[in-house]
Each structure stands twice: as C-alpha cells, then as structure tokens.
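Subject: Structure handover

Hello,

Please find the structure below, followed by notes on what was found in it. Cut-offs are given where a term first comes up.

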Amino acid sequence: MRGAQAKRFQFQTQEARKRVGRIGKVILVGSGKGGVGKSFVACAIALSLSEHRCRTGILDIDIHGASVPDYLGVRPPLKSTRNGLEPKQSHGVKVMSVALLTGDNPIPMRGVDKQDLITQFLALTDWGRLDYLVVDLPPGTGDELLSAFDLFAGKSSLVLVTTPSRNAVAVVSRLRRLAETERVPVEGVVLNMAYIDEGRTRKTSPFGSTSKITLEAALDSTIISEIPLEPKVNSESLYKVLHGRNNTSVAFRRLVQRWTDKETRS
Ligand SMILES: Nc1ncnc2c1ncn2[C@@H]1O[C@H](COP(=O)(O)OP(=O)(O)OP(=O)(O)O)[C@@H](O)[C@H]1O
Ligand SMILES: [Mg+2]
C-alpha cells in the first residue's frame, strides 16, 4: 500500500473499530467450501435472533457472490445520512451487502482492495447499537476472511457450515484449523442438508449415512445443529420457511438459544 492509501486505510480502520465497538457479539458464518448453505444459515440465524427481540444486523462480505439480499428480499439503492450508510431492514434485521452498492455488476478486485472495501464498508455503515452482527463469509480462506478475523477480533466466534459430504468435511476442517491459529473461537458445526424429512420418523440421508460421531471426529468439532434439506428454501421466502411448522424453523430456534440463553442468564 502506498502513502496516501495507507493513511486512508488507517483512518478507515479506526472508524470501523469505533462502529464495531457498539456491537455486542459478532457471529462469523463460514465454511471454506462453496455452495454448502453458508448464506442460508447466516440469514436464518439473523432472522431467528431478531425473532428473539435481539438487535441484529447481517453483513455480507461475499464480494463476488453476494446472496444475502436475495434471501432477505432487499434491493439497492442504499440511503446515505449524515451518520453514514443506512442498512436495509428485513423483518427487524439490518442488512448490509456489497451487492446493495453494486447491484448486478461484477466486481473485479484484488486482495488488498478487498480488505480495503470491507474496512470501508464497516466504517461507513450506520449500524447503531447491535446485540448481534452476523457475518456471511465467502468460500475459501482468502483476504475477506482474514479481514473479518482481524476487524472483529475479541468479539467474534465462528460457526462452521458443511454438508455431510466427505470432501466438504475435509475443507471445513482446514478452516477450523485456521481459526484456531488466528485465535477465533469456534462455536461448532452446522450440518446443513443433513437429511430429507419424509414425514413421521422417516429420514433419508442425501449425502450418505456417515454417523454423527464419525463426522465430529473428522471435523474435530461438535455438531451444534442439523438442518434438513428443505425444498421450500428455493421456492418460498426464508422468513416464511422459518415461520412454518417444519424441522428447519425448530432447528434454528434451538440453535440461537446458545446465544440468547446466555444473555438471559447474565
Ligand atoms: N437446507 C437447505 N435445503 C434446501 N436448499 C438449500 C439448503 N441450504 C442451502 N440450500 C440451497 O443451496 C444453494 C446454496 O446455498 P447458499 O447460497 O446459502 O450457499 P453458500 O455456501 O452461501 O454458497 P457460496 O459459497 O456461493 O456463497 C442455494 O440455492 C440454497 O437455496
Ligand atoms: Mg454465500
């Protein structure tokens, strides 16, 4: 980074840290692996926390494949006030995504610029006070992820998402090790598309029937939630799915209790 750019970056980092100072807890949702349902899980966690009357925001830092606006039904443009960029609202959740700035345009960007963009984005967004900020991470272990680890250091923990497929599990355990090295606490693993619900007690496993114990050993982590393959996710709004009588809504309600119950106790 050159002089002027480095100075700007330093200023933005300070501003971003001030904004982060007003957030209670940051829940990073990542995988390493693409297409396993990170954005789906991140949005469902955010909606379920908001349902618990927690002040909740979601930040989508998937620069090349943002999908949070689709899950939560928000569209550009963003409004700017003297306090900064105003996040969009979806069922009580404050939503911010790079896609809300760029629309459908592709963003060609290299490493250091990505770090710059995420920091700038945080520095400019007027989240106000939040109990929880959920961060939807892109696939891979690149710059966006390292920026998030750095910017939210001390108040974040990582929720890993995987399907039970063998190669997804291998990639996810790599991210778990990276988080350990970077001293980011790992909450555990959300096993997505873990089974297909066929009514009553019948369940089939679309990715083979490896036992939970075997998967936990391979992941070297605890499975904190099992989410079914829910076809309605692709035809109804996520909010509607989470308000239906189905195992997906029950699983997310239970999952967020690991944070909200702590709050009630303290
Ligand atoms: N439990 C589920 N049941 C049914 N479909 C699902 C489920 N979870 C995710 N999907 C679908 O799988 C696809 C990928 O999900 P999603 O975009 O959330 O994954 P991702 O890990 O964020 O992907 P990327 O790596 O591209 O960011 C989407 O079409 C989504 O609707
Ligand atoms: Mg995604």
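The eight strands of an open sheet follow the order S5-S6-S2-S7-S1-S8-S9-S12, and their pairing is mixed. Strands here are DSSP runs of E with at least two residues, helices are runs of H or I with at least four, and both are numbered from the N terminus. Two strands count as paired if DSSP finds at least two bridges between them. Strand S5 (88-90) and strand S12 (223-226) each have a single partner strand and stand at the edges, so one side of each is left without a neighbour in the sheet. From one strand to the next, the twist averages 25°.

This is a predicted model, in which local features need pLDDT of at least 70 and side-chain atom pairs count only at pLDDT 80 or more, while totals for chains, interfaces and linings use all residues. Residues are numbered from 1 along each chain as its sequence is written, and chains are lettered from A and ligands numbered from 1 in the order in which they are written.

Some pairings in detail:

- Strand S1 (residues 23-30) and strand S8 (residues 156-162) run parallel and are joined by five bridges; Ile27 has Ser157 of S8 as its bridge partner.
- S8 also runs parallel to strand S9 (residues 186-191), again with five bridges, and Val161 stands opposite Val190 in S9.
- S9 and S12 run parallel with three bridges between them; the partner of Val190 in S12 is Ser225.

A right-handed β-α-β unit is made by S8, H7 and S9. Right-handed means that, with the strands pointing away from the viewer, the path from the first strand over the helix to the second runs clockwise.

Helix H7 (residues 166-181) packs with helix H8 (residues 212-219) at an angle of about 45°, the axes being 9 Å apart. Axes are lines fitted to C-alpha atoms, for helices over the stretch in contact, and angles run from 0 to 180 degrees between N-to-C directions. H7 and H8 are therefore oblique to each other (under 35 degrees is roughly parallel, over 145 roughly antiparallel, 65 to 115 roughly perpendicular, the rest oblique). Val169, Val172, Ser173 and Arg176 of H7 meet Leu215, Ala218 and Leu219 of H8, contact being C-beta atoms, placed from the backbone, within 7 Å.

Ligand 1 is surrounded by 20 residues, the closest being Gly34, Gly37, Lys38, Ser39 and Phe40 (C-beta atom, placed from the backbone, within 6 Å).

Regards

Technical notes:
Contact = placed C-beta atoms within 7 Å.
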